[in-house]
There are 2 protein chains.
Amino acid sequence: MKRLFEVNHWKIVETKLHKEDFRLAESMMSLGNGHMGMRGNFEESYSGDFHRGSYIAGVWFPDKTRVGWWKNGYPEYFGKVINSTNFIGIRVFIDDEEIDLNQSVVTDYYRELDMQHGTLTRKFTIQQGDKLTNVKVLRFLSVAEKELAVIQYMVTPMNYDGKITLVPYLDGDIRNEDSNYDEDFWVEINREVEDYYGLIIMKTKDNPFGTPTFQTAFQMQVNVSGKVEEISHSNQHEYIENKIMITAEKGQTVTLEKYVAVTTDRDYEASQLVQRGKEVLSQSIEKGFDNLLKEHQDGWLKRWEMADVEIQGDAESQQGIRFNLFQLFSTYYGEDARLNIGPKGFTGEKYGGATYWDTEAYAIPLYLSTANPEVARNLCIYRHHQLDGAFHNARQQGLKGALYPMVTFTGIECHNEWEITFEEIHRNGAIAYAVYNYVNYTGDRDYLHEYGIDVLTGISRFWADRVHYNKMKDVYMMHGVTGPNEYENNVNNNWYTNRIAVWTLTYTLEVIDYLLKNGQSDRIAGLSLTDAELSKWIEITGKMYLPYDKELAVFVQHDTFLDKDLMPVDQLSPDDRPLNQKWSWDKILRSCFIKQADVLQGLYFLNHEYSLDEKRRNFEFYEPMTVHESSLSPSIHSVLAAELGMEEKAYEMYNRTARLDLDNYNNDTEDGLHITSMTGSWLAIVQGFAGMRTANETLSFAPFIPSNWEKYTFKIVYRGHHIKVQVTNEKVVISQEGSAFSLKLYGEDVQLGENSSIEIALNK
Amino acid sequence: MKRLFEVNHWKIVETKLHKEDFRLAESMMSLGNGHMGMRGNFEESYSGDFHRGSYIAGVWFPDKTRVGWWKNGYPEYFGKVINSTNFIGIRVFIDDEEIDLNQSVVTDYYRELDMQHGTLTRKFTIQQGDKLTNVKVLRFLSVAEKELAVIQYMVTPMNYDGKITLVPYLDGDIRNEDSNYDEDFWVEINREVEDYYGLIIMKTKDNPFGTPTFQTAFQMQVNVSGKVEEISHSNQHEYIENKIMITAEKGQTVTLEKYVAVTTDRDYEASQLVQRGKEVLSQSIEKGFDNLLKEHQDGWLKRWEMADVEIQGDAESQQGIRFNLFQLFSTYYGEDARLNIGPKGFTGEKYGGATYWDTEAYAIPLYLSTANPEVARNLCIYRHHQLDGAFHNARQQGLKGALYPMVTFTGIECHNEWEITFEEIHRNGAIAYAVYNYVNYTGDRDYLHEYGIDVLTGISRFWADRVHYNKMKDVYMMHGVTGPNEYENNVNNNWYTNRIAVWTLTYTLEVIDYLLKNGQSDRIAGLSLTDAELSKWIEITGKMYLPYDKELAVFVQHDTFLDKDLMPVDQLSPDDRPLNQKWSWDKILRSCFIKQADVLQGLYFLNHEYSLDEKRRNFEFYEPMTVHESSLSPSIHSVLAAELGMEEKAYEMYNRTARLDLDNYNNDTEDGLHITSMTGSWLAIVQGFAGMRTANETLSFAPFIPSNWEKYTFKIVYRGHHIKVQVTNEKVVISQEGSAFSLKLYGEDVQLGENSSIEIALNK
């Protein structure tokens, strides 16, 4: 655990330059607006270790696969979010001596990420010789105008009259640190520069894999206050700059505003990029800095209005949940159905890919409750768009139907560990589950015939071909899979995978039945489902083997799990932890220790289909063997522990997810933030502490409050109702804006009138 | 299947230049003398596709590991046999036009590998304009003087008087085609050149892994017949050459003899390499070409005298077995206990590594019978030398004892697929088995206290720590292994692995008992075996779980094998074969199809511990599901089929092993020959057709003869007896040189007098 920042309800504040943990701090200070995002890099030059990173949503490159030994069926490339043009850069010279916080004496230093308003501010004073110079920088990526980035750079000579030279530039010569073969992914298409203006157009290199290339245009417009003595411009390959020399008197502030428009051919014809970017720039400059900032801040305030979680009595928890929501919304706010939520968002380039099953399993539940329904709908439609890719993946394995990929940009698998890519197929179940979850939550049944049924049918066809019939035992089985617990692999009859496969078939059959009865016979006919096919599905649902141990009365993680040397995690020496750093891979695989919820993941998803007793027995059996070495693990356990009345356990698990990055628990935040697991803290509060459930199209709550909290409040949207839930040590207050409707509280039906609230005592 | 060569009892003959299959032909024409070896490259320049390859035994490089995702415990490097200085090169110009068989008109062409005498000969006539030139080249790597290579290059102008320019050279600028990061592994240390002489000293680059570097000195001395008009020499970085211009009249043959000495600091101080090489050269030149050739040829004749297998009535089989023996002996003839038998020998650079379990499982049985006992002894001692490496490997996995590597040069694992490296641990059993096999065959019980007991104890300690106790079932189990059938992995309780582990423990306990009773108490005390340790071993041998199916009465390959969709190979479509090229890896893994003998490998090794009925039931169950996609598979099945009286099956399996490379069955011989599986054809004849067994220190035979053969004869050495076995359709004749002893023939005791023979009718 490493905490660089002050605990603060709304801010991430750093008051010391952390040269040794520079990358970690850069990750934490990331900004994003869904269209683009960047690590908390400095504008000015910095000679110490850092990781320059700015990323454009949906712009990626297929990096040629690197493996030790090729396995038949491997994807040819590993898709990567790619580091793009550095558009924030401003070099600063004081009387020709360059500012470099790594070299100069820094007499005070302050960096602040304002999560409430979505801005990054820096203030520092630097001493060069006797000269003291004060700098203040404000940066934001507008949520009101997605293609706009704004930097206000202010320099004040404190104790001298001098010459301030500012060099705003655009640098397209940027590479990914994790390129497999040290390749440059970009080529320059055009550059132009004049005084106060510059342009770089970069394009991703052609590739032999048939994936699209992307063109991105970066244009800057610069405003300067102060007495400009000289201005010039220059350029070189993949680089343009302005050079502006200003004389300033002691105490006089020189201000440079750099407006950058970032347009891509994902959105417009390539030939239109420059024109469109110029429009963004001219409109912005017309509005002026203050108005742009206000629009942007209002955008963030509106998001919080809908989604904020307030915690009283525990400032660390408060900061944690807000940081997570802030970074999630910076990454994705659902405006573009072609996009998804990468595991590092715009904060780093590790893992590659845009889309994991994390989206369906962990992110959609949050977006369903904290944003307009279109956001979750768009995330579901994203998978519909990629159905062809999923068919391709299944064919690659010689199977029918649709296999959604472990990692992808296009629907086509672009990861390459066989035990993951080929075997961790439970992901397919989560895609189907998301359709159910979306429709069940929103009531938007039209989604089923518009999009859902294609995805459900594709996935069901995959499962039906992937299982095999065991004659001797008269059951269907599924061999050679990796469950959510990646600390085992290539196992047979993983309970969770078998269960979610059967669930998919059952739900698909239900949806088909519903659509047939609701005027969609033609739609169903278009799917060419045969009677034989449907009969087979029904047979599989009846005869699927779901490992169960009668004596222990638990579902068995997979066929031979109980043959292992079973022991609780607390019998391990601290020297053994984390296992993934201390043990060789084979030892991890054959141990009983579980990386993340597996059987329990199923009890979380299909919560309403299992009794409390079943949940308790399985939780008590599996949780003690779980090391939670996936950032996705604790939240699921927190929710289940809360339901089982294990309040301390629920709170312990919440804490592991809420401040994962803020306190750098996994010692890897320098590589970027754990974006997709950031939903976990929200799930732990809303589904865990407050016990929110939505099964059977019914909203219900059963809140408790952690013993050290005074109060917590959160807001959700549910079927047009804007609901606010407040929980104190004494009572639960639920208020809403919307028409009257009924919900359940601690299992009892409760009526909530139009725009009203109710209050009941907290169950203890 | 692709056959480029004529069928011939003693020769591999090519009468056409195979430009399209040039690499394949180069592999086939490889030469080696244990100290060094090379592919059948041309001396003169060749502008078409080819693979230059010459290799020095024991000279390797640790190439930095390349993987997709790092797994804890992976080796940092992949050890590779490395391509070294091209020392055969001779450029040839006719009146300044260079000879290049890819460009010139070749009017006749002949290349011959003489396996009986170990020589490679080429003859061709080339037409340049109107000029016809005849070339004849003879090359050998002396088995009498290991550090000597000799080339005789003869050029005859057929229809003109002209100028022949010969440029013998040494080129150290050679790379491995399979370098992970396109690195050059060599640096030049020195070069010298004068008329008729040249020297290049190359050294492997320093590496960060702490493995040794190697220095190799190449020196050439050149003799020329004919009228030398001009001679000059020159050099550049990593390269030296002589240039010799000779005028020749029509019909007059110009001869160049190139003698090359190859010395390495594996054998001498680096400072002595040049001096030692010069001695080799001067002694050789003193002897003269004809004597050198005769010494070399005599060496090969002597090897055949001891080891030849003659087959009458089936020229293809005859050629196959001789080609295999020739290439095996070229790779390894046991003179150097620091060396082992690489999977491609000196014929290519794929797979890397020097040593696989192939040596113990397939090669030692052959060398035991076909060479002096020191050869097999040296192969066993090799593993003793590498015990420290094996301890290291076990520690890397958090385990006690010794884990011999899958691939190695030093004893330290240098392969990097976790399912192989970490899990295919049955290899450890084969190392223990080789100790038993050597001692049982030779009667050399001294080996046990001199070396064997250390290896056995180390391996037993590994097994005892690697198993785990299953309380519920009161058995010991072994989870997470890959058996010999690499078409499954990460399985539990692989019967073969469990069985060989128990066997190791049992045998080690026996050996300890034997040594204690035979004056080696101090030796045993030195092993620090505790009573608790020995008791645990005994307990494991009693309680090891060995999967068995009562209904089928077969040993079960691993825990859930019988749950698979079981079907014979012949139900597959030809389009599905070979599986490893047609199916994705996951499909292969969960199918029932077996790559190579697994349960049957155990029945082969521990043949004397199982009844014919057991062998038959298991053979009939597993063989139909076996695709034999490992080159090591058919031989084991041939031996067992022969024992079970399935003569046709035995012959079919023999054929798959005998001409694997000659007929390029696996379509990959261009990468190099399948050296270690070449023992298979010999095993199939001697242990299969002739039924040779040596269990319980008793030699026995039970021959049959394939229906299309007229006669086969082979020779073995057994405990000082030089035995010749002849089998015809009528009779079996066994003769020997040596003292009287008894053996078994078809299960009956037979006495064989001193230097005598016996004859009995063939059992039909």
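1. Let's start with the sheet in chain A of this predicted model. Five strands make up an open sheet in the order β7-β6-β12-β17-β16, with antiparallel pairing. The edges belong to β7 (97–98) and β16 (227–236) of chain A; each has a single partner strand, so one side of each is left without a neighbour in the sheet.

2. Have a look at the β16 end. β16(A) runs antiparallel to β17 (residues 239–248) of chain A, and nine bridges join the two. Where they face each other, A:Q236 sits opposite A:Y239 of β17(A).

3. Now the two chains together.

4. On to the interface itself. Each side puts in 49 residues, and about 4,100 Å² is buried between chain B and chain A, 49% of it on carbon and sulfur atoms. In chain B, the residues losing the most area to chain A are B:W69, B:D563 and B:R590, together 17% of what that side buries.

5. One to check by eye is A:K471 with B:D565, whose closest N and O atoms are 3.9 Å apart. There are also 22 residue pairs in polar contact between the chains. On the chain B side, α15(B) gives the largest share, five residues, and the residues overall split into 15 nonpolar, 18 polar and 16 charged.

Note on methods: Residues are numbered from 1 along each chain as its sequence is written. Chains are lettered from A and ligands numbered from 1 in the order in which they are written. This is a predicted model: local features need pLDDT of at least 70, side-chain atom pairs count only at pLDDT 80 or more; totals for chains, interfaces and linings use all residues. Side-chain values use heavy atoms; hydrogens and water are left out. Two strands pair if DSSP finds at least two bridges between them. Helices (H or I, at least four residues) and strands (E, at least two) are DSSP runs, numbered from the N terminus. Contact means heavy atoms within 4.5 Å. Buried area is the accessible area (1.4 Å probe) that two parts lose on being put together, summed over both. A salt bridge is a side-chain nitrogen of Lys or Arg within 4 Å of a carboxyl oxygen of Asp or Glu. A polar contact is a pair of N or O atoms within 3.5 Å; within protein, one must be able to donate a hydrogen and the other to accept it, and residues adjacent in sequence count only if both atoms are side-chain atoms. Ala, Val, Leu, Ile, Met, Phe, Trp, Tyr, Cys and Pro count as nonpolar, Asp, Glu, Lys and Arg as charged, and the others, Gly among them, as polar.
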